[in-house]
Amino acid sequence: GVPGGAVSVRIRGTGSITAGNEPLYIVDGIQLNNRNDGGATVSTNPLAFLNPDDIASIDVLKDAASAAIYGSQAANGVVLITTKKGKAGRTKVTLNYFRGIVEPVPSLKLMNSQDFINARITALQTTNPTLAPATVRGNALVGLGFNRDLSDADFAAIPTYDWQREVYKTGIASNYEASIQGGNDRTSFYTSFSYNKQDASLINIDFNRIAGRLSIDHKITDKIKIETGLNLSQISQKGPYGDARGSTAFSAPQYSAPLILPFNRIYNDDGTFYGLPSSGITMAGDISGNVVAASELIKSENSVNQLVGNIGLTYSINKNLIFKALGGLDYRLLYTSFFGDPRLPDYNALRGTLTEGNVNNLNFTTNTTLNYFKTIAKSHSIKVLVGAEYRSEVNTGTNFNAAGFPTPELNTANA
């Protein structure tokens, strides 16, 4: 998976072919929008704004009875996430840091150049048994872009290029966290700050998140309590070009690298990328594009600024009857950008393309509940819940495309 990418969770199985199957995510009473607005190459995760260390508990509601309060939105199950709150007592300061590595998947064991060419010769000889071996050998060499009369010494000297080694790398993950919590019998607080940076095991893919959280709980009286929470985050990430779906699959380095013929060069002698349209050279094989060049030259990025906040009121009418009211906001400003470099085959004729988009998502939730509970004769209990909820979601966006850039260095919309 891509660092910070969208998650796929199945609680009640796959219930629809065309509609969504993701559960409903609720963080501190706020229903989150789990849409993926990251575009074609960079996926977004509705939970990416959360620092995992700020999570106090995760509960999963999978049966219809327990999820009924959320209506049809809970058809795929509900994930309830509760974040940490302050506790009365001495002020506690916590610092945490870790650093780790992200190892790539094991490389496939492939034939070298000589083994592949010999396999091609054998295949052609099998399908054309009447042709002379020298003719078959020559036809195979020509079909792969070599001289028909290639000598045995030159054949043995054909290099083998490891495309998998070029696209995979060891990624680094770093995380910095700091939190402060404390309070007294009336007021408690919890605040935290975190910075997370992850480099993927594929070239030119990363994830960066800065997040801050503030939670304050205050007892106005013995019966009235106010709870507030605020989460702020800024996320930026670079995504891959291409995936296992659609027409861009052959440009995905993790998919195409093992399929490129081993004698195709990756770089020219001067360090530039091999096989670009400006050179007039076409790489041999069904995958004739330089996926290392595509990964390095294409710019696929997005950024998300997100605010998630809530305020709640709890009023204990008596020992058996409790009234609760909650208002929550999930606001996201998302920017996506994709630049197809004109030096690459897919964008050379158009002299480069640029696609940029902005998405504003405003999700407002409010609910009120009245809880009644009573124990009878120490062995029986009555529980009654009455509630009402209102939710409003407004999603707006703009998108535009541009083409015909004079040079790859001028890759903005006003170029």
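Reader: In this structure, which residue of E7 is the bridge partner of Asn175?

Author: The model shown above is a predicted one, and in it strand E6, residues 171-183, pairs with strand E7, residues 187-199, in the antiparallel sense over 11 bridges. Elsewhere along this pair, Ala173 stands opposite Gln198 in E7. For Asn175, the bridge partner in E7 is Asn196.

Reader: Through how many residues does a hairpin join E6 to E7?

Author: Strand E6 covers residues 171-183 and strand E7 covers residues 187-199, and the two run antiparallel. The chain passes from E6 to E7 by way of a hairpin, and the number of residues through which it joins them is three.

Reader: Which residue in the hairpin of E7 and E8 takes a positive phi?

Author: Strand E7 also pairs with strand E8, residues 206-219, in the antiparallel sense, here over 13 bridges. The hairpin of these two strands has six residues between them. A positive phi near 65° is taken there by Asn204.

Reader: Which strands stand at the edges of the open sheet of nine strands?

Author: The nine strands follow the order E5-E6-E7-E8-E9-E10-E11-E12-E13, and their pairing is antiparallel. Strands of a sheet pair through backbone hydrogen bonds, either parallel or antiparallel. A strand at the edge of this sheet has a single partner strand, so one side of it is left without a neighbour in the sheet, and this applies to E5 (89-102) and E13 (380-403).

Reader: What are the edge strands of the open sheet formed by four strands?

Author: The four strands are arranged in the order E2-E1-E4-E3, and their pairing is mixed. The edge strands each pair on one side only, and they are E2 and E3 (55-61).

Reader: Which residue stands opposite Ile30 in E2?

Author: Strands E1 and E2 pair in the antiparallel sense over two bridges. Strand E1 spans 24-27 and strand E2 spans 30-31. Opposite Ile30 in E2 stands Val27.

Reader: With the side chain of which residue does the side chain of Asp28 make a polar contact?

Author: Leaving aside its neighbours within four places in sequence, Asp28 is in contact with Ile81, Thr82, Thr83, Arg213, Asn310 and Leu326. The polar contact between side chains, at 2.5 Å, joins Asp28 to Thr83.

Reader: Why are H2 and H3 described by one word for their orientation, and what is that word?

Author: The axes of helix H2, residues 113-127, and helix H3, residues 133-143, come within 9 Å and cross at roughly 125°. The crossing in which H2 passes H3 is right-handed. An angle over 145 degrees would count as roughly antiparallel and one of 65 to 115 as roughly perpendicular, and H2 and H3 are therefore oblique.

Reader: Against which helices do the buried residues of H3 pack?

Author: In H3, the buried residues are Val136, Gly138, Ala140 and Leu141. Where the two helices meet, H2 contributes Ile117, Arg120, Ile121, Leu124 and Gln125, while H3 contributes Pro133, Val136, Arg137, Ala140 and Leu141. The helices against which the buried residues of H3 pack are H2 and H4 (152-156).

How values were computed:
Residues are numbered from 1 along each chain as its sequence is written. This is a predicted model: local features need pLDDT of at least 70, side-chain atom pairs count only at pLDDT 80 or more; totals for chains, interfaces and linings use all residues. Side-chain values use heavy atoms; hydrogens and water are left out. A polar contact is a pair of N or O atoms within 3.5 Å; within protein, one must be able to donate a hydrogen and the other to accept it, and residues adjacent in sequence count only if both atoms are side-chain atoms. Contact means heavy atoms within 4.5 Å. Two strands pair if DSSP finds at least two bridges between them. Axes are lines fitted to C-alpha atoms, for helices over the stretch in contact, and angles run from 0 to 180 degrees between N-to-C directions. Angles under 35 degrees count as roughly parallel, over 145 as roughly antiparallel, 65 to 115 as roughly perpendicular and the rest as oblique. A crossing is left-handed if the near helix is turned anticlockwise from the far one by less than a right angle, and right-handed if clockwise. Buried means under 20% relative accessible area, exposed over 50%, partly exposed in between (1.4 Å probe, protein chains only).
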